[in-house]
Amino acid sequence: MRKITNEELHRPTAEEYADMDKMAVTVVLDNVRSLQNVGSFFRTADAFAVERIALCGITATPPNRDIHKTALGAELTVSWDYFSSTEQCVAQLRVAGYRIYAIEQVEGATMLNMFQAERGEKYALIFGNEVAGVDQRVVDLCDGAIEIPQAGVKHSLNVSVSAGVVLWNFFKQIPPKRA
């Protein structure tokens, strides 16, 4: 086995990435406090061609040196918006026709392995604060919740790790159209 060089990966340029189809998913960060986590969200969103990230509340925004350290430039390619409150963001997404899901452990949550994303639908996935999770007021505004099944002693994953798991699942089901 030989490792593939970066040139052989044939990744799009920033301009090509901007013009390509994206997965019909908006990631919403509800008061995520760690700049490294925010940077990881950008990098993961770039990898799976997420249409945009909504940064809400205390979540930091680019340009930021600490976000850049983890994002490695993905904060320059992934579209993003800032909202002073997650509730304001959710209201705007609802008007735009998104199905809105909290990524959270709540009563009645659908396990990720049982969730079926539908082509032609737009999804907003809300990831919460590292300690408090998605705020209950925000959960109350959602169409549902998705939970990542877990088998270990700990009851949670790092929020940016959760993003990788969830977004990979969506990418498998509703990938962006390829040119």
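Which residue of β7 stands opposite I103? I146 does. The legends below take this predicted model view by view.

**View 1**
From the N terminus, the elements run α-α-β-α-β-α-β-α-β-β-β-α-β-α. The C-alpha atoms fill a box of roughly 45 × 40 × 35 Å along the principal axes. A compact globule of 179 residues would have a radius of gyration near 16 Å, and the chain agrees because its own value is 16 Å. Of the 179 residues, 45% count as buried. Take the contacts between residues at least 6 apart in sequence: 83% of them join residues at least 24 apart.

**View 2. The surface of the chain exposes about 10200 Å².**
Carbon and sulfur atoms supply 52% of that area. The chain carries 18 positive and 22 negative side chains. The centres of the two charge sets lie 5 Å apart.

**View 3. Seven strands form an open, parallel sheet.**
The strand order is β3-β2-β1-β6-β4-β7-β5. The edge strands are β3 (80–83) and β5, and each pairs on one side only.

**View 4. β7 takes part in two of the pairings shown here, with β4 and with β5.**
Strand β4 spans residues 98–103 and strand β7 spans residues 144–147. The two pair in the parallel sense over three bridges. I103 faces I146 of β7 in this pairing. Strand β5 (residues 110–111) is joined to β7 by two bridges, again in parallel. On that side, M111 stands opposite E147 of β7.

**View 5. β4 also pairs with strand β6.**
β6 covers residues 122–128. Five bridges join β4 to β6, and the two strands run parallel. Find I100: its bridge partner in β6 is A124.

**View 6. Strand β1 is largely enclosed by the rest of the structure.**
Why does β1 (residues 23–30) count as largely enclosed? Seven of its eight residues are buried, so the rest of the structure largely encloses the strand. β1 pairs with strand β2 (residues 50–56) in the parallel sense, over six bridges. L29 shows one such link: its bridge partner in β2 is L55.

**View 7. V90 is a buried residue of helix α5.**
The helix spans residues 86–95. V90 has 2% relative accessibility; the cut-off for buried is under 20%, so V90 falls within that class. Which residues does V90 contact, leaving aside neighbours within four places in sequence? They are I100, I126, V138 and L141. V28 lies 62 residues away along the chain, yet the C-alpha atoms of V90 and V28 are separated by 8.6 Å.

**View 8. T86 is another buried residue placed in helix α5.**
Its relative accessible area is 2%. Set aside residues up to four places away in sequence, and T86 touches V28, D30, N31, C56, I126 and V138. I126 and V138 are also contacts of V90.

**View 9. A cis peptide bond joins P62 and P63.**
Omega is about -5° at this bond. P63 sits in the loop between β2 and α4 (65–71).

**View 10. H10 has a positive phi, near 55°.**
H10 is a residue other than glycine. Where is H10 found? H10 is in the loop between α1 (6–9) and α2 (14–19). Is H10 buried or exposed? At 67% relative accessibility, H10 counts as exposed.

**View 11. N31 also has a positive phi, near 60°.**
N31, too, is a residue other than glycine. N31 lies in the loop between β1 and α3 (35–47). Its relative accessibility is 25%, so N31 counts as partly exposed.

Key:
Residues are numbered from 1 along each chain as its sequence is written. This is a predicted model: local features need pLDDT of at least 70, side-chain atom pairs count only at pLDDT 80 or more; totals for chains, interfaces and linings use all residues. Side-chain values use heavy atoms; hydrogens and water are left out. Helices (H or I, at least four residues) and strands (E, at least two) are DSSP runs, numbered from the N terminus. The radius of gyration is taken over C-alpha atoms; the globule rule is 2.2 Å times the number of residues to the power 0.38. Buried means under 20% relative accessible area, exposed over 50%, partly exposed in between (1.4 Å probe, protein chains only). Contact means heavy atoms within 4.5 Å. Accessible areas come from the Shrake-Rupley method with a 1.4 Å probe; for residues, only the protein chains shown count as cover. Lys and Arg count as positive and Asp and Glu as negative; His and the chain ends are not counted. The place of a charge is taken as NZ of Lys, CZ of Arg, CG of Asp or CD of Glu. Two strands pair if DSSP finds at least two bridges between them.
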